[in-house]
Amino acid sequence: MKKLNGNLVNIVNLLRDGQYHDGTSMGATLQMTRSAVWKTIKKLQDYGVQIDSVKGKGYALLTPLRLLERREITRQLSHPNMEINIFESIASTNDYLKSHKKCKGVICCFAEQQTHGKGRLGREWYSPFGKNIYMSCLYPFQKDISELAGLSLITSLAIVRTLNSYSSDDCFSVKWPNDVTYQGKKISGTLIEIQAESHGASHAIIGIGINVNMLGDNVSIAQPWTSLQLVTGKYIDRNELSARLINHLMSYLAAFASYGLVSFKDEWMKADCLTSKVIALQHGNNEVVGQVAGINEQGHLLLQLENGVMHAFSSGDTSVRKWAR
Ligand code: BTN
């Protein structure tokens, strides 16, 4: 695990204009030796950042890049006192917060790269350097675990709200239980891990992955996916996106803590891409097919099965289908 190195950020900020900069003048501007500049460039290249190096001209970024900066995120927050940690590389931001000492306040942790990013159901979450959002938030609740059933749904709604702030037509949807999609392609996922404490309290680790500036090349993801840059056609500043995400997440979590999932049911129905659709639900080794009739008070998926019976499911993986006849 490595905290984000300031030299890396400074070099990227110098190269952000896309022009060539020579090592000596970069070193003079940043008060670094030429060899320290070279080492930092090399490190960025090792992380997969495309930097051209031409003798006599210097270095230039071949694709746009801006790294995460705590100051940039914090200055755009509605509650700027929150603890924010940014890592250059980490196994998993969720695992980091799990091993973190207990704490009363909210902590948000970001990484530029995860070496063992975790998805739901034991899957891997593809986490290349500098492209996307990998964020985990430790959030204390004065509630028992049993009352936090709808948390992943609320989190998905906060993500949809954040992503829709980049579009004019509210084009992002939730897909039960915790995917966010655009035209059927996944753009974000949530992995929530809850730990119980004494006296009915608990704290949640809310892990969020959003595909932001990832484009088509060399991406190893097994299912249809997209990214915010692919949707909007623009390079996205992840600092601004992170601040918008935290602001929405904090207000959704506070409302959830006070009023529960019921107060979000209409918003869920509006953003949901599965309601009325015939889907297959994979849970454990079983698969059931049915028509989606929304969610119940616990956030469980309501499915009308082929025999007409309505059933609520608390977990599983969903995919749109036709009735098997
Ligand atoms: C899924 O859709 O399967 C859930 C993906 C969750 C990915 C995020 S990225 C930040 C946090 N750290 C992890 O290791 N996983 C979550």
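Student: Asp170, buried or exposed?

Tutor: Asp170 is exposed, with a relative accessible area of 55%. Here buried means under 20%, exposed over 50% and partly exposed in between, using a 1.4 Å probe and protein chains only. Keep in mind that this is a predicted model, where local features need pLDDT of at least 70, side-chain atom pairs count only at pLDDT 80 or more, and totals for chains, interfaces and linings use all residues. Numbering starts from 1 along each chain as its sequence is written, and side-chain values use heavy atoms, leaving out hydrogens and water.

Student: What's the phi of Asp170, and where does the residue sit?

Tutor: Its phi is positive, about 40°, although Asp170 is not a glycine. Asp170 is in the loop between helix H6 (151-164) and S7. Helices (H or I, at least four residues) and strands (E, at least two) are DSSP runs, numbered from the N terminus.

Student: Which residue is in the loop between H2 and H3 here?

Tutor: Gln31 lies there, between helix H2 (23-30) and helix H3 (34-46). Gln31 has a positive phi of about 55° and is not a glycine either. Gln31 is exposed, at 75% relative accessible area.

Student: New topic: where's the cis peptide bond?

Tutor: Between Trp176 and Pro177, with omega about 0°. Pro177 is in the loop from strand S7 (172-175) to strand S8 (179-182).

Student: And what's the strand order in the open sheet?

Tutor: S14-S13-S12-S11-S15, 5 strands with antiparallel pairing; two strands pair if DSSP finds at least two bridges between them. The edges are S14 (310-313) and S15 (317-320).

Student: How many bridges join S11 and S15?

Tutor: 4 bridges. Ala280, for one, has Ser319 in S15 as its bridge partner.
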